Amino acid sequence: MMSDFLEEHSPFCILSVGSGEGYNDLSFIEMLSKAGGVKPNKPQFLERAIEPDKMKLEAFRVKVENLPENLKSRADIELEWCPMTYQEYVEQKKKDDVKFDVVHFFHSIYYVVNIETALEHCVENELRPRGVIFSITQDGNSPYVRYGKVFSSQGFVLSPGSYYSNTDVTDVAKKNGWKYVECSGETTTCDITAIFDPSSVAGNRLLDFLTQWVNIRQTASQESLQKILNFWENESFEDGHGRKVVKFQTKTVVIFKGI
Ligand SMILES: C[S@@+](CC[C@H](N)C(=O)[O-])C[C@H]1O[C@@H](n2cnc3c(N)ncnc32)[C@H](O)[C@@H]1O
């Protein structure tokens, strides 16, 4: 039973990498505490949040001070704030520090620089025996990830980590012989019609996001820009209202330590 499990692991320790404003972190704790059912004692959670953007961390802190009643009545939550990058966190990590039941990367593994060393560090130095890693990323077949693969060989991808997907995570798990499961996440539809209009400010911003490049319209050659636009044109489909849309899907990978 989940409630017994939470009682045995009290406080239930979570390491959140790239927590942002903590929206998904609190939903995750709420989900765990709901799965625990009603018990006389509320489950205790200790979360360490690593987030280099101090404004986001402050927004998360304010949220924790004003938790909604339904979460406050279900769980006792203590937070440790780490205003730093994951890399800085690993450098200052002490051997006898707390070990965690869960390490999660909710859309943040893109920033760890080397996915293999990051996951190995978590399994060896952050997780308790039988702890788990949760990673949420884009699906390997998503057009966004395909863009990264096609264009990195052409020198258009500044940061290959931005395009990490579930398959990069499972490749590391397979290489290390770790048990893992994969689950499909949410699918979102994105209207990219505006990226084909050079005068659209929103379209140019979206094109910069999709290519992870600042002012790509101004900085790329005409030939390269055309290749990029052709790629997105081919990936898109008409939605029946004259709009060009693409679908993005997320995937969750759960890695189990020691089983
Ligand atoms: C796409 S957001 C995801 C935020 C949150 N986990 C969520 O699910 O909403 C990625 C977060 O990672 C943070 N980040 C960027 N570089 C990082 C690094 N080197 N180490 C840790 N976090 C980083 C960003 O500031 C941002 O808040």
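Colleague: How many residues of strand β2 are buried?

Modeller: A residue is buried if 20 or more other C-beta atoms, placed from the backbone, lie within 10 Å of its own. In β2 (residues 44-50), five of the seven residues are buried, and the strand is mostly covered. Strands here are DSSP runs of E with at least two residues, and helices are runs of H or I with at least four, numbered from the N terminus. This is a predicted model, in which local features need pLDDT of at least 70 and side-chain atom pairs count only at pLDDT 80 or more, while totals for chains, interfaces and linings use all residues. Residues are numbered from 1 along each chain as its sequence is written.

Colleague: In which sense do β1 and β2 pair?

Modeller: Two strands pair if DSSP finds at least two bridges between them. Strand β1 (residues 12-17) pairs with β2 in the parallel sense over six bridges, and S16 stands opposite A49 in β2. Strand β3 (residues 76-82) also runs parallel to β2, joined by seven bridges; there, I77 is the bridge partner of F45.

Colleague: Into which domains is the protein divided?

Modeller: Domain bounds come from an automatic or database domain assignment. Domain 1 covers 2-186 + 249-256, and domain 2 covers 190-245. Their C-alpha centres lie 31 Å apart.

Colleague: How many residues of domain 1 are in contact with domain 2?

Modeller: Contact requires C-beta atoms, placed from the backbone, within 7 Å. Eight residues of domain 1 are in contact with seven of domain 2.

Colleague: Which residues of helix α7 are buried?

Modeller: In α7 (residues 143-152), these are P143, Y144, V145, Y147 and G148. They pack against β5 (127-138), α9 (201-211), α11 (222-235) and β8 (244-256).

Note on methods: Buried ≥ 20, exposed ≤ 12 C-beta atoms within 10 Å, placed from the backbone. Contact = placed C-beta atoms within 7 Å.
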